[in-house]
Amino acid sequence: MEKTDLSENNPINPNHYKSCSIECIDAMMMMLGADYVYKFCVCNAIKYIWRYKDKNGIEDLKKAEWYLNKCENIAVDKVAHITVRIILDKELRKMGEKNE
């Protein structure tokens with residue numbers, strides 16, 4: 001199982017998720033299987049896109065992107081995460097237009 005490579009002070013995947021020899025999401029994969037973890041990641045991506053304007057802004061969009069990237073690594077069903085990726089890209093473009 002491939003460990004996620006992220007820096008120590010990363011708000012997207014903080015150290016408290018890496019306190020064991022494997023990360024929580026990797027343990028979930030071993031215990032629950034790829035299909036469950038894939039759906040979990042899609043749901044989390046949707047949640048972060050849904051709330052980003054009212055909660056953590058770009059950080060939430062980055063979290064959504066992290067979960068979508070995890071989906072691509074799992075690749076059980078391409079349709080769900082591709083649809084969410086399109087929504088994320090649209091929201092990121094909107095944010096870019098506001099900052100110009």
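Contact here means heavy atoms within 4.5 Å. Keep that in mind for what follows. This is a predicted model.

Let me start before helix 1. Ile-12 sits in the segment ahead of that helix. What does Ile-12 touch, leaving out residues up to four places away in sequence? The partners are Glu-59, Lys-62, Lys-63 and Trp-66. Take Glu-59. Along the chain, Ile-12 and Glu-59 are 47 residues apart. Their C-alpha atoms are separated by 7.4 Å.

Now helix 3 itself. Helix 3 runs over residues 58–74. Helix 3 has 17 residues. From first C-alpha to last, helix 3 reaches 24 Å, close to the 24 Å expected at 1.5 Å a residue. Which residues of helix 3 are buried? Asp-60, Leu-61, Lys-63, Ala-64, Trp-66, Tyr-67, Leu-68, Lys-70, Cys-71 and Ile-74. A general point on spacing: an α-helix has 3.6 residues a turn, so residues three or four places apart point the same way. Just after helix 3 comes Ala-75, with a positive phi of about 45°.

Next, the partners of helix 3. Helix 2, residues 34–51, packs on helix 3 at an angle of about 160°. Their axes are 8 Å apart. Angles over 145 degrees count as roughly antiparallel, and helix 2 and helix 3 are therefore roughly antiparallel to each other. Their crossing is left-handed. Who makes the contact? From helix 2, the list includes Val-37, Phe-40, Cys-41, Tyr-48 and Arg-51. From helix 3, the list includes Leu-61, Ala-64, Tyr-67, Lys-70 and Ile-74. By class, this contact has 15 nonpolar, one polar and four charged residues.

Helix 1, residues 24–32, also meets helix 3. The axes of helix 1 and helix 3 come within 13 Å and cross at roughly 35°. That crossing is right-handed. Helix 1 brings Ile-25, Asp-26 and Met-29. Helix 3 brings Trp-66, Tyr-67, Lys-70 and Ile-74.

Last stop, helix 4, residues 78–99. Glu-91 is in this helix. Is Glu-91 buried or exposed? Buried means under 20% relative accessible area. Glu-91 has 10% relative accessibility, so Glu-91 counts as buried. What does Glu-91 contact, beyond neighbours within four places in sequence? Ile-49, Tyr-52, Lys-53 and Leu-61.

Note on methods:
Residues numbered from 1 in each chain as written. Predicted model: local features only at pLDDT ≥ 70, side-chain atom pairs only at ≥ 80, totals over all residues. Heavy atoms only, no water. Axes fitted to C-alpha atoms, helices over the stretch in contact; angles between N-to-C directions. Helix = DSSP H or I, 4+ residues; strand = E, 2+ residues; numbered from the N terminus. Parallel < 35°, antiparallel > 145°, perpendicular 65-115°, else oblique. Left-handed = near helix turned anticlockwise from the far one by under 90°. Nonpolar A, V, L, I, M, F, W, Y, C, P; charged D, E, K, R; others polar. Buried < 20%, exposed > 50% of the residue type's maximum accessible area, 1.4 Å probe, protein only. Expected span 1.5 Å × (residues − 1).
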